[in-house]
Amino acid sequence: MKSFIASVVKALQVRSIQFIITTSFTLVTVLVMLFVGVMLYSKFSETAEQNAYLNTQQILEQVKYNLDSYLNAMTQIFELVDDKIRNNQGGSDGKLNEQLEAIVETRKDIVSIAVFSRSGELLTATPARQMRNHTQITEQSWFRSAIEDPHNLSFSLPHVQNLFKGEYPWVVSMSREITVKGSHGDIPAVLLVDVNFKEIDELCQRVGLGKKGYVYIIDLVGNIVYHPQQQLIYVGLKNENRALALKHSYGSYVEEAEGDKRLITIKTIDPLGTGFQTDENFDKRSQDFRW
């Protein structure tokens, strides 16, 4: 009987040791697998994030190039209009109007071209429109920018153009002081070219940044120049963390907004020799756009 009990105890001890060994081995195996899984997931997530950074950078680099080209084209259009006006030699206003109308017709993003005297009197406009009363031309930001900095082409922030009756388009205004031929010689004037957002909107809308990705543009003091949901921005139903964006010139960072993580990629458009002019003081990079 004693020998039987001893054999049973011995068998139980053997099984207990086997159980402990098996359990320990299983636990170690599970822990190793969990560790390897976490490491692989971390590495995969890091690689996916890096690929997202690189892909976004490459896409925005192409958009930056297209936007640079467009802004340069707009500058060239402005210079062409200026050249036509300067070379009019006080001749036929009809011929000048035909030339300006041809420019407007070939560029659907140009809303209007107008020339004002320094006192705010309308000298010519294409297309021909009747001025609204009490427009206070000399108080307009684009007019003041042209007078205060006569040698540089200024771009205004987006605004509703309210100069002409029956027309209230959303535009960016290009302006600069020029000289026009008068009966008593050259006189100073301000050339205004209003451009809509058609081309910029198409450039930005073509960007493939996933289902929720989009491009918006701000200047160097944080004013929104373009946003695909511009109206929501202006009525306060949508907001962008522009203060954080202003701290970056290039690169990417992750931002948490309303419980979601967003990858923000910044590109700064090179200076054109001109800038978005506002009533605020710009820093030394005020001629850049950031987006």
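The model is predicted.

## Overall architecture

The chain contains six helices and 13 strands. Of its 291 residues, 36% count as buried. When contacts between residues at least 6 apart in sequence are considered, 56% of them join residues at least 24 apart.

## Nonpolar cores

The largest nonpolar core has 37 residues, and the members that touch the most others are Val81, Ile85, Ile113, Met174, Leu191, Val193 and Ile200. At least two residues of this core come from each of helix H1 (2-86), helix H2 (93-106), strand E1, strand E5 (170-182), strand E6 (185-195), helix H4 and strand E8 (224-226). Helix H1 gives the most, with ten residues.

Met174 illustrates how these parts meet. Not counting residues up to four places away in sequence, Met174 touches Met74, Phe78, Leu153, Ser154, Phe155, Leu191, Leu192, Val193 and Val195.

Helix H4 spans residues 198-205, and Ile200, Leu203 and Cys204 are buried within it. Viewed down the axis of H4, the buried residues fall within an arc of 90°, so they line one face of the helix. In helix H3, the buried residues are Trp142, Phe143, Ser145 and Ala146. Their arc around the axis covers only 160°, which puts them on the same side of H3.

Three aromatic pairs occur in the structure. Phe116 and Trp142 form one that is tilted, at 5.6 Å centre to centre and with 45° between the planes. Phe116 belongs to strand E1 (residues 110-117) and Trp142 to helix H3 (residues 141-148), so this pair ties together parts that are 26 residues apart in sequence. Both Phe116 and Trp142 are buried.

The rings of Tyr214 and Tyr216 are also paired: their centres lie 6.4 Å apart and their planes stand at 40°, so this pair is tilted. Tyr214 counts as partly exposed, at 30% relative accessibility, whereas Tyr216 counts as buried, at 13%.

## The buried residue Glu240

Glu240 is located in the loop between helix H5 (230-234) and helix H6 (242-245). With a relative accessible area of 4%, Glu240 is buried. Its side chain makes a polar contact of 2.8 Å with the side chain of His227. Neighbours within four places in sequence aside, Glu240 is in contact with Tyr214, Tyr216, His227, Ile233 and Arg262. Two of these partners, Tyr214 and Tyr216, are the residues of the tilted ring pair described above.

## The loop between E2 and H3

Arg129 is placed in the loop between strand E2 (122-126) and helix H3. The charged end of Arg129 sits over the ring of Phe164, 5.8 Å from the ring centre. Phe164 is also among the contacts of Arg129 beyond four places in sequence, together with Val111, Ser112, Leu122 and Glu167. Arg129 and Ala114 are 15 residues apart in sequence, and their C-alpha atoms are 9.9 Å apart in space.

Pro127 lies in this loop as well. The peptide bond from Thr126 to Pro127 is cis, with omega near -5°. His134 and Gln136 are found in the loop too. Phi of His134 is near 60°, a positive value in a residue other than glycine. Gln136 likewise has a positive phi, near 50°, and is not glycine.

| Residue | Relative accessible area | Class |
|---|---|---|
| Arg129 | 23% | partly exposed |
| His134 | 78% | exposed |
| Gln136 | 57% | exposed |

The limit for an exposed residue is over 50% relative accessible area, so His134, at 78%, counts as exposed. Arg129, at 23%, is partly exposed.

Notes: Residues are numbered from 1 along each chain as its sequence is written. This is a predicted model: local features need pLDDT of at least 70, side-chain atom pairs count only at pLDDT 80 or more; totals for chains, interfaces and linings use all residues. Side-chain values use heavy atoms; hydrogens and water are left out. Buried means under 20% relative accessible area, exposed over 50%, partly exposed in between (1.4 Å probe, protein chains only). Helices (H or I, at least four residues) and strands (E, at least two) are DSSP runs, numbered from the N terminus. The arc is that of the directions from the helix axis to the C-beta atoms. Rings of Phe, Tyr and Trp (its six-membered ring) pair if their centres lie within 6.5 Å; planes under 30 degrees apart count as stacked, over 60 as edge-to-face and the rest as tilted. A charge sits over a ring if NZ of Lys or CZ of Arg is within 6 Å of the ring centre and within 35 degrees of the ring normal. A nonpolar core is a set of buried Ala, Val, Leu, Ile, Met, Phe, Trp, Tyr and Cys residues joined through side-chain atoms within 4.5 Å. Contact means heavy atoms within 4.5 Å. A polar contact is a pair of N or O atoms within 3.5 Å; within protein, one must be able to donate a hydrogen and the other to accept it, and residues adjacent in sequence count only if both atoms are side-chain atoms.
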